[in-house]
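Student: I have a two-chain model open and would like to go through it. Can you start with the terms you will be using?

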Amino acid sequence: MTRRQTIVTYLVVVPFAIVLAFPFFFGLITAFKTNLDLGNVEHSPYTYNDLQGHFHWDFWNYATLEHVRFLFEDTNYPTWLVNTLIVGAAVVVITLVLALPAGYALARLAGGWGQTAGVGIFLVYLIPPTLLFLPLSRLVTQLDLKDSLWSLILVYPSFTVPFATWLLMGFFKTIPQELEEAALMDGASRLKALALIVLPVSLPGILTVVIFAFSLCVNEFIYAFTFISSSEQRTVSSGIPNDLIRGDVFFWQSLMASALIPAIPLALLYNAFLDRFIKGFTGGAFR
Amino acid sequence: MEAQAARLKPPRRRWRHAFESRRVLAPVLIAPAVIFMALVVGVPFVWAIYLSFTDAVGGSLTGHWVGFDNFVNAWGDDNFRRALRNTLIFTLASQALVVVGAAVLSAFLVRDFRGKWIIRFLVVLPWAAPVVLSTINWLWLLDSLYSVVNWTLARLHLDESLVWLLGALHIEDDAQVPLQWLGRPNLALVAITLVHAWRILPFAVVIFIAGRASIPNEVEDASKIDGATGVKKLWYVDLPLQLPIALVAVLFGIVFTAVDFAVVYILTRGGPFNSTQVLPTWAYAIGIDSGSLGEGAAISLFLFPLLVVVTVAMLFFARRAQVS
């Protein structure tokens, strides 16, 4: 790239990055503000200020960890994080058990109707959760799973399985068929070829599915919000708006901290697996 | 004992042999996923369709058949029409912003530059963060009293001009400083559209990058020889080639926005005065908060046929565009 091109590139990507990351950057500042500093509209929201609203270079002396401590010690936030991990992990396992064979079969064995089935899988996404959750909440009550993490573990695969099948279908199509055929020639059965040849090669793709399916679970709101009513059983997405917003009282600093803590590791994981995700995503749609 | 084993063996071998055939193996591998989806999505979906034709209330989940009454009632309600209109506005306006933003940003993000890693990390943040939590961040950014957006606009002396602009465009005729982003009907529509665009943009950028990566290098060389550069190249070479994948990005964006519940619920709960309701939140208000399950289901169902048509049409065009 020429010098001019480089400068133009930065002039475009940096403003975009600033705007897209701004809510998180500002949340990071807010998380450590004292109540008096936050509550005074004359004070700059971008810095930590003394009582008169002045900024000092030793700004950390005017910031506080109190609200992060509150989040971890006086709310159920740690429990919600653990619950989210449990639900996410269980759902990922169920998703893989169902979607791995389905994705493989659609990519390799199904022939012409595999493509049609791929479109069919997509249509499942169009059914709004606000529609499904009416009967589902009844089902959950019937099974005596209300207020239990099991209700989410049962229901979440309804949106992770189609997504994972779609992605895995794409990944399996990118693996050269010759690899398997060689194994079949050597006398391996199809299932053996799948387990010993195809799965190890597609491990990066499978990991991608794990990460994105997990993050779909973390994102889910309406089922978590309606199926579970006791604070100890909530996940982050439903616990935070329920317990940290009480009527008109917002625990802003704790809210900002609670949003940042899961977002950063997830964003790092996304970044690491982005290229593979792109490959599977577009491969599933066309090819 | 041995005789028994000998008798058992042949069927087992036949069984194994059957597993080698595509006709048998494919359905066997697909069946668990299909059965699960039928139970957890299919049955509730059919049930919800049935509910939309009944007068079911509260937690009963059965009721008397009332035909199309729920649909007619829903349609006759001004709030419903506003919710339908808002859903269309949020979806179309945010996707228009997303397509333009993603086309520009992806064109530059495929280049090699120092610090690309951190830029990419910052760009995907809105997509990686749980949507409920990042929407709470926006709630804070747009707060009626402490809004940092207003504070910044005031320091840059842009607030009065923005108020004038909103009046000139007839978005808010009597807006005042500080702007009540979520407290005034039309301004709240603008704010929600922007939040949707913000949250979908990273996803679209990623898909657009995938589209660029799929363009063969020969095309790049050929367009160089033919002297196509800059905007000309973007319009005549890059965009047509990216069309199939761009369509997929838009399609997902439309679906994500149209069925979203969390953004509106967290930012405004449909207010002020139901002016920002969308179909999912209105269905929730009617079906759960007021307990009219049947009508709630009917409201949720309105969008489904529309989404199916949009999806099938877009997937069809995407494939055709790719073949040609």
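Tutor: Helices (H or I, at least four residues) and strands (E, at least two) are DSSP runs, numbered from the N terminus. This is a predicted model, in which local features need pLDDT of at least 70 and side-chain atom pairs count only at pLDDT 80 or more, while totals for chains, interfaces and linings use all residues. Residues are numbered from 1 along each chain as its sequence is written, and chains are lettered from A and ligands numbered from 1 in the order in which they are written.

Student: Fine. How many helices and strands in chain B?

Tutor: Chain B has 14 helices and zero strands. Read from the N terminus, its elements go α-α-α-α-α-α-α-α-α-α-α-α-α-α.

Student: And what does chain A have?

Tutor: Chain A comes to 14 helices and two strands.

Student: What confidence does the predictor give?

Tutor: For the complex, ipTM is 0.89 and pTM is 0.89. Chain B has a mean pLDDT of 84, with 91% of its residues at 70 or more; pLDDT is the predictor's confidence in each residue, from 0 to 100. Where pLDDT is low, the predicted coordinates should not be read in detail.

Student: What is the radius of gyration of chain B, against a compact globule?

Tutor: Chain B has 26 Å, whereas a compact globule of 324 residues would have a value near 20 Å. The radius is taken over C-alpha atoms, and the globule rule is 2.2 Å times the number of residues to the power 0.38. Along its principal axes, the C-alpha trace of chain B spans about 95 × 70 × 35 Å.

Student: Which helix of chain B is hardly covered?

Tutor: Helix α10 (residues 217-225) of chain B; among its nine residues the count of buried ones is zero. Just after α10(B) comes B:Gly227, with a positive phi of about 80°.

Student: Which residues other than glycine have a positive phi?

Tutor: B:Phe273, with phi near 55°, and B:Asn274, at about 60°, are among them. B:Phe273 lies in the loop between α12 (262-267) and α13 (279-289) of chain B, and B:Asn274 is in the loop between α12 and α13 of chain B.

Student: Buried or exposed, those two?

Tutor: B:Phe273 counts as exposed because it has 10 C-beta neighbours inside 10 Å. B:Asn274 has 20 other C-beta atoms within 10 Å, so it is buried.

Student: Where is the cis peptide bond in chain B?

Tutor: It runs from B:Val177 to B:Pro178, with omega near -5°. B:Pro178 sits in the loop between α8 (159-168) and α9 (185-213) of chain B.

Student: Switching to the interface. How many residues does each chain put into the contact?

Tutor: Chain B gives 84 residues and chain A gives 78; two residues are in contact if their C-beta atoms, placed from the backbone, lie within 7 Å. On the side of chain B that touches chain A, helix α2 (residues 22-51) of chain B has the largest share, 16 residues. That side divides into 70 nonpolar, eight polar and six charged residues. Ala, Val, Leu, Ile, Met, Phe, Trp, Tyr, Cys and Pro count as nonpolar, Asp, Glu, Lys and Arg as charged, and the others, Gly among them, as polar.

Student: What domains does chain A have?

Tutor: The assignment gives domain 1 (3-70) and domain 2 (76-285); domain bounds come from an automatic or database domain assignment. The C-alpha centres of domain 1 of chain A and domain 2 of chain A are 34 Å apart. Their contact takes 10 residues from domain 1 of chain A and eight residues from domain 2 of chain A.

Student: Which helix gives the most on the domain 1 side?

Tutor: α1(A), with five residues of the side of domain 1 of chain A that touches domain 2 of chain A.

Terms used
Buried ≥ 20, exposed ≤ 12 C-beta atoms within 10 Å, placed from the backbone.
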